[in-house]
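User: I'm new to this one and would like to go through it with you step by step. Could you start me off once it's on screen?
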Amino acid sequence: MKPNLRNFDLEEIRNFLKDLGEPPYRGDQVYHWITCKAAISFDEMSNLPKILREKLDKAFSLSLPELVELQRDEEGTTKFALKLEDGEIIESVLIPERDHFTLCVSTQVGCALGCTFCLTAKSGFKRNLKVYEIISQVVLAKRYLKEKGEELPLRNIVFMGMGEPLANYKNLVKALKILEDKRGFNFSRKRLTVSTAGLVEKMYELAKDFPTALALSLHAPNDELRKKLMPIAKKYPLKVLIKALKDFPRVKNGRHTIEYILIKNINDSLIHAKELANLFKKMPVKINLIPFNPHPELPYERPEEERILAFQKYLLSQGILTTIRKSKGLKISAACGQLRRRVLNHFSIPNSCDLKATIRAGTIS
Ligand code: SAH
């Protein structure tokens, strides 16, 4: 099989072109086409000689995943189910904001972490995504926006889709570097947000290799409860995890985001709010409360509105910046893993499973 050209950074592409006897600027031209212009064929590359386009086509693939289902709500949040070359399905979600779009991307097929509230966990872990499979989600979103004639730019990428980004570390970092590269996609680093369930060693590695905006999925204010919700908590106690968060550079003095799914009668009482406040009182964080997104296969419920607001009110009263992830009132399967599950079940899960736009968290604006 031909290697997919989206796996490579500019230096590597320059070298490929050099091997084909071409000057370095040809590499830059090709790179511009596959990033800024979101090209899907060498034929589109009108400033390259035809013979070179043919040579490239013989050596490399530019194929993208196949869009197998698209759901769009009335406010424009669009969820894509994408079929990879080996038939696996992943999801990405495009979210309109005031003056830009945010794209939520997946980093793995399935997930090995087994968080009890997450649908992706139910299907277990299949495999890591390749660099080009991560990048392709961005290319598809860019093409989609272009085809729709959308004026607003795609400006934020959040690594909050399926999978644990830090468990696919090497590919994640390479994808981040390609996305940041000014000669190509040119995403600002503070607009690339990595969300993690808290793989501490990898947090330290990322702090060194590519410190981005960080969102930590906490979901519980003490170890006992966190261990029940997230098996990874058995490995990393909160003390160690919060130290790692403190040690993680804040991109341009932004705040780290703490994600906290509010689950009815599990972690949503004022006692929990108090514990949470004590953990983060003196830290520059933003707590993003995420009302649990129910699903027939998940054992929890969403708290009532007043309880969610009371939880937020308490944290605010303690001087902690706290937001609630907005429901966009849509009928799309937007919580982590839900669209994929629908596609895999051949659309057998009805739309009634209370579906919300997720993933407004984690962006530092
Ligand atoms: N593994 C990474 C990224 C994927 S999960 C992490 O843990 O951060 C990212 C987010 O998906 C979670 O923080 C949560 O915000 C969301 N999520 C997963 N299942 C959900 C559910 N049932 N309801 C609401 N949000 C959910």
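User: Which residues does the UniProt annotation "binding site" cover, the one with cysteines in it?

Analyst: Bear in mind that this is a predicted model. The annotation, which comes from an unreviewed UniProt entry, covers Cys111, Cys115 and Cys118.

User: Where is Cys111 found, and is Cys111 buried or exposed?

Analyst: Cys111 is found in the loop between strand E5 (108-110) and helix H4 (119-122), and it counts as buried because its relative accessibility is 11%, which is under the 20% cut-off. Leaving aside residues up to four places away in sequence, Cys111 touches Thr120, Ala121, Gly124, Phe125, Gly163 and Glu164.

User: And where is the place of Cys115, and what does Cys115 touch?

Analyst: Cys115 also has its place in the loop between E5 and H4, and with a relative accessibility of 12% it counts as buried. Beyond residues up to four places away in sequence, Cys115 touches Ala121, Leu229, Met230 and Pro231.

User: You mentioned Glu164 among the contacts of Cys111. What does UniProt list it under?

Analyst: In an unreviewed entry, UniProt lists Glu164 for "binding site", together with Gly163, Ser195, Ser217, Leu218, His219 and Asn293. Glu164 is found in the loop between strand E7 (154-159) and helix H6 (169-180), and at 3% relative accessibility it counts as buried.

User: What does Glu164 touch?

Analyst: Not counting residues up to four places away in sequence, Glu164 touches Thr107, Gln108, Cys111, Leu113, Ser195, Thr196, Ala197 and Leu199.

User: What about Leu218, where is its place, and is Leu218 buried or exposed?

Analyst: Leu218 sits in the loop between strand E9 (213-217) and helix H8 (223-229), and it is buried, with a relative accessible area of 0%. With residues up to four places away in sequence set aside, Leu218 touches Arg226, Met230, Leu238, Leu241, Ile258, Glu259, Leu276, Leu279 and Phe280.

User: Switching to the ligand: which residues come nearest?

Analyst: There are 20 residues around the ligand, and of these Phe117, Glu164, Ser195, Ser217 and Asn293 come nearest. By class, the shell is made of ten nonpolar, seven polar and three charged residues.

User: Which atoms of Phe117, Ser217 and Asn293 are involved there?

Analyst: For Phe117, a polar backbone atom is 2.9 Å from a nitrogen atom of the ligand, whereas for Ser217 an N or O atom in the side chain is 2.6 Å from an oxygen atom of the ligand. For Asn293, a backbone N or O atom lies 2.9 Å from a nitrogen atom of the ligand.

User: How much of the ligand's area does the protein bury?

Analyst: The ligand exposes 540 Å² when taken alone, and the protein buries 96% of that. The elements that give two or more residues to the shell around the ligand are strand E8 (192-196) and strand E10 (256-262).

User: Stepping back, how many helices and strands does the protein have?

Analyst: The protein has twelve helices and twelve strands, and buried residues make up 59% of its 365 residues. Among contacts between residues at least 6 apart in sequence, 68% join residues at least 24 apart.

Notes
Residues numbered from 1 in each chain as written. Predicted model: local features only at pLDDT ≥ 70, side-chain atom pairs only at ≥ 80, totals over all residues. Heavy atoms only, no water. UniProt positions renumbered as here; feature names shortened; annotations may be inferred. Helix = DSSP H or I, 4+ residues; strand = E, 2+ residues; numbered from the N terminus. Buried < 20%, exposed > 50% of the residue type's maximum accessible area, 1.4 Å probe, protein only. Contact = heavy atoms within 4.5 Å. Near = heavy atom within 4 Å. Polar contact = N/O pair within 3.5 Å; in protein donor to acceptor, adjacent residues only side chain to side chain. Areas by Shrake-Rupley, 256 points an atom, 1.4 Å probe, with all protein chains shown as cover. Nonpolar A, V, L, I, M, F, W, Y, C, P; charged D, E, K, R; others polar.
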